[in-house]
Amino acid sequence: MINFGYTASESRHIDMDERLHPAIEKMLHREPSLKECIACGRCAAVCTAGYFTGMQFYRLNLMAHRGLINEMKQAARACMLCGKCQMTCPKGVNIRHGVLLMSQITDVLDV
Amino acid sequence: MYHPFVLPFVVGFSVMGVVLVARYIYWLRGMSPGNRQRVLWGFFSRSTLLAVKEILQESLLHLKIFRVNPLLGFMHASLAFGWFMLIVGGKLETWYYTGNFFNPPYYAIFFRYFEPLTEGFWMNGVLLFYMELSLLIVLSGLSIAVVKRIRKKVVGMNNTTRHNPANRIALFFLWMVFPLRLMAESATVAVHGGGSFLTTVTSSLFLSHDWAVWLELPLWWAYSTGLGLFFLALPFSRYLHIPTEMVMLLLKKWGVQPEPGFNPEKGVQAFEVHSCPGCGVCLDVCPAMGAGINSFQSAYFVRQVRAGHNYETIADMCLNCGACKEACPVGISLESLRLDARSHLHRKANFDHRYLHGTMTLWRDTTEVVLYTGCMGRINPKTTQAVKSLLHEAGVKFIHLDEHESICCGRPMALAGAAEQAKMLIQRNRELIHGQNGQLLVTTCPICYRYFSSEYDLNIPVLHHSQFLWQLIETQKLNRHKGNLRYAYHDPCELGRGANCYDEPRNLLYTVGELVALSSERNKALCCGNNIGSLTLAEEQKQKITANTLTVLSENSPDYIVTACPMCKNTLSRQSTLPVRDLAEVMLECKEVNVAGSRTRKKQASVNVTP
Amino acid sequence: MSQQKVAIVGAGPAGLQAAATLVSLGVSVEIFERNGSPGGHLKQWHALFPHFQNATHALNPLLNGVKGITMHLGSKVSEISHNGNTWRLLSDDGLKYESDAVLLTTGFNLFDASRKEEYGYGVYPGVVTSAQLEEMFNGQRPWPFDKSLAAPKIGFVHCVGSRDVKCGNRFCSKVCCVTAVKQAIEIRKRFSDSAVTCFYMDLRMYGLGFEELYHEAQVNHQVQFIRGRLSEASPAVSGKIQVKAEDTLMGRPLKLTLDMLVLMVGMEPAVKLTAQNNHLALGKPGFGDGFMADRELNTPEYLQVTPGLFVAGACKGPASLPDTIQDAKAVSVDVYNFLKTKS
């Protein structure tokens, strides 16, 4: 390979021109409370798994809304579903159900 | 002895027989090898006799429903047992009359048409009386059933199941059958004479002999058709529960074990799902009902599963508090059935907890008690602090295992239907607990407690803090005097129905004060509304349930509402106007109380309510 | 024609201002106040945002404005009823009063911080509310840490009991953000080596001068603003408090040891109005009971069908002091116009 002195990397932009992924839309339909999140970070602050890993539910939810499905799915796997986040969430988001759906979402519509 | 009007019955009955046998064989074949073995061994054992006894008690006499609600019990018993009496009586009648034990089934059912005048022998008179008495019993049950449909409160039920069309058709024919039988028999009596105390009276309704002659055959046709259509509808409606329930009682007595996976047309689950009569007892006990939420109760869940419809919403929304399972007169394992459904629905859920390897330091210290406060303990610092103070006071040496970090016990994963994926959590927690060299594990969380005791196989005993505190009181390591504050105790689902611990918390409260009686408590206690059993219930709905539960807890205006679960406490205290405490907090607060000083204490307490 | 009478329930800033305005318009007024003295929450306050005006300087003119007006202190109105053109008030101590109109200025209560147990209010002495901090500034309450401490570390938690469905309060309490910024600056002025951190969800600097105050806090007083909610407060060595939070902008968890944690408690209605058979009862609000809606906005039925009942101030919803005073003046004119059409 010829070295041109630089490498071309993929754009870091989140493409907001794309429509929301149908799988995500379906997920939001099945757990509408996900739309309530204001990303206050409380869920991440109390997170049991977050003590050991970078588990941050509000970020998963942002990923979902920005269409970053694969990142979201991968990050959701650390969750223990303990429900502490849900107890303290000021907006009453059903986080456990949300993460459960996130962990099994696929590119094909099947949530 | 034959008449073409028996055909509808014969056809309906035969189709039912064929369908039932075919389905049962199919379900039995779907059983796990172990369970099939158990069925074979059990068949010729004493368990079969025990099962027959239970069938008599539960499927026919409905003793369990009777205990819950006598009128409702009488309704079910008179319908089922009365019908059973008719079947036995019919057999005896034909046997006695013909001298042969085996006769075509329709002969017994339409016996009165074929042999209108049997009063010649006294034995026949007795049998005739017996048959009409049985019919009267059935009819009395039926009339209660009709009233129940129209006005449920009459039988003391707040809720009755909403039925789908197939069930309504079957219900219609079931209701028609017995009045038609009475009418047909009365017509025959009006034409030919005979009859016992009932039909001699009802036959006079036909006014004239001509009317009776003209109506006799059409009525027998109608009776046969009604019966035939009911039998035809039976294997496709909820009335499938009548035969299936009996088979399930046999299977349970033969010791069949739950099977993995979720398939309502296979193995033990098929028998469980199809033995639900949809009686609606589960509706009345459901805590969500009181909050006006009538959508996910067990009767509906089972019906949806049985019909092969989408059951996801129903399965995921329930709080899994176990109240329905406790009340189910058929003894269906509703809780595990629902969790099986959830694991089937979320079978693609994919978690990975390998990061837990080597993440926490293992302490090895000899101690009496290993204290585990669980995830929820962290949002209830008062409870944790109170337990610690009490342990200090009692001179118990302890280590707080998860003071700085915790690993979830795994029960929440199981509740979401991902029990298989909780293995890593269990393994890691077990290593941590075993690493402590303690003699006893005490946890402040009923969810952890239930899972520790059922799934962990620990090398030390595990107690909930209410049980341990009661031990400390009993062994006089903690001493408390009785005050006169009044407490209402809220049974956490996972501790009460889940782990059968009802008495220790009450004993503790009784030691320091008065315990207020509630309209729903112990195994009938309502859910706080916010356990982690539900996956999808919306926050407003949860708050409605909480409000309803608080109404019950406040009904005798206690000074405090007391519970023993961090989740219940958190949920109740957010909405309650009365102060909500954990048992440990109460025990700690009562430290200085003595009999003389309890009055002043009460004053202080009421000031605390509104700081 | 005899002078028309108005009963005012509540002697906070709104009630006092309304009384003064109505009297100046020639209306006879009597005030009913359940506490022993007038002034509402304002009398416990030290300084006001955004200009650090002394609270007593704001309160005194209000108190002077009602000189000569009959004020029933310690008299808690429990029900009001309506008969023809006459309103009847009944208080807990048996007081009865008849008037031509009633103005409710019942104000707000501060959120009971012990309802959020995880923040440790009532468990750890270093955890206080914003109102208690004002009392410390006033010298009415001791500081929870040693005042000679070289560099006290103080944290503020925004939105305690506000924007929180779990507490039954969906609304934003509007004034806590700017109050926290004001208090942070006051702390920095008082303890020059102190370090102050604010944990917020969204900073709502809506009023004139508020954004400038925020700027001043960040630039001149090095107040740290962290966008994130606290998870829990736990005890640390020597009476300090350890807090854990998520720094949502950094995307990382954060921990911090503090000498004092201030909870910015939100507003809740002080009184709930319920229509009963033939009267309106003034009771204690329950879980999720909102504020009395504004007359022009979502007017509840009982306000529509009962001409002569008016509502002003923070009992209609969270409001700052200037908002409350403006509203009291405006509603007073409404009351005056109503009385004029009646006579």
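How many residues does the contact take from chain A and from chain B? The contact (heavy atoms within 4.5 Å) takes 28 residues from chain A and 42 residues from chain B.

A word on the ground rules: this is a predicted model, in which local features need pLDDT of at least 70 and side-chain atom pairs count only at pLDDT 80 or more, while totals for chains, interfaces and linings use all residues. Residues are numbered from 1 along each chain as its sequence is written, chains are lettered from A and ligands numbered from 1 in the order in which they are written, and side-chain values use heavy atoms, with hydrogens and water left out.

Together, chain A and chain B bury about 2,900 Å², 58% of it on carbon and sulfur atoms; buried area is the accessible area (1.4 Å probe) that two parts lose on being put together, summed over both. A:Phe52, A:Arg77 and A:Met87 supply 25% of the area that chain A buries against chain B, more than any other three residues.

One salt bridge is counted between these chains, where a side-chain nitrogen of Lys or Arg must lie within 4 Å of a carboxyl oxygen of Asp or Glu. It joins the side chains of A:Arg30 and B:Glu312 at 2.3 Å, N to O.

| Helix | Residues | Angle |
|---|---|---|
| α1(C) | 13–24 | about 170 degrees to β2(C) |
| α7(C) | 321–342 | about 170 degrees to β22(C) |

Conventions: Axes fitted to C-alpha atoms, helices over the stretch in contact; angles between N-to-C directions. Helix = DSSP H or I, 4+ residues; strand = E, 2+ residues; numbered from the N terminus.
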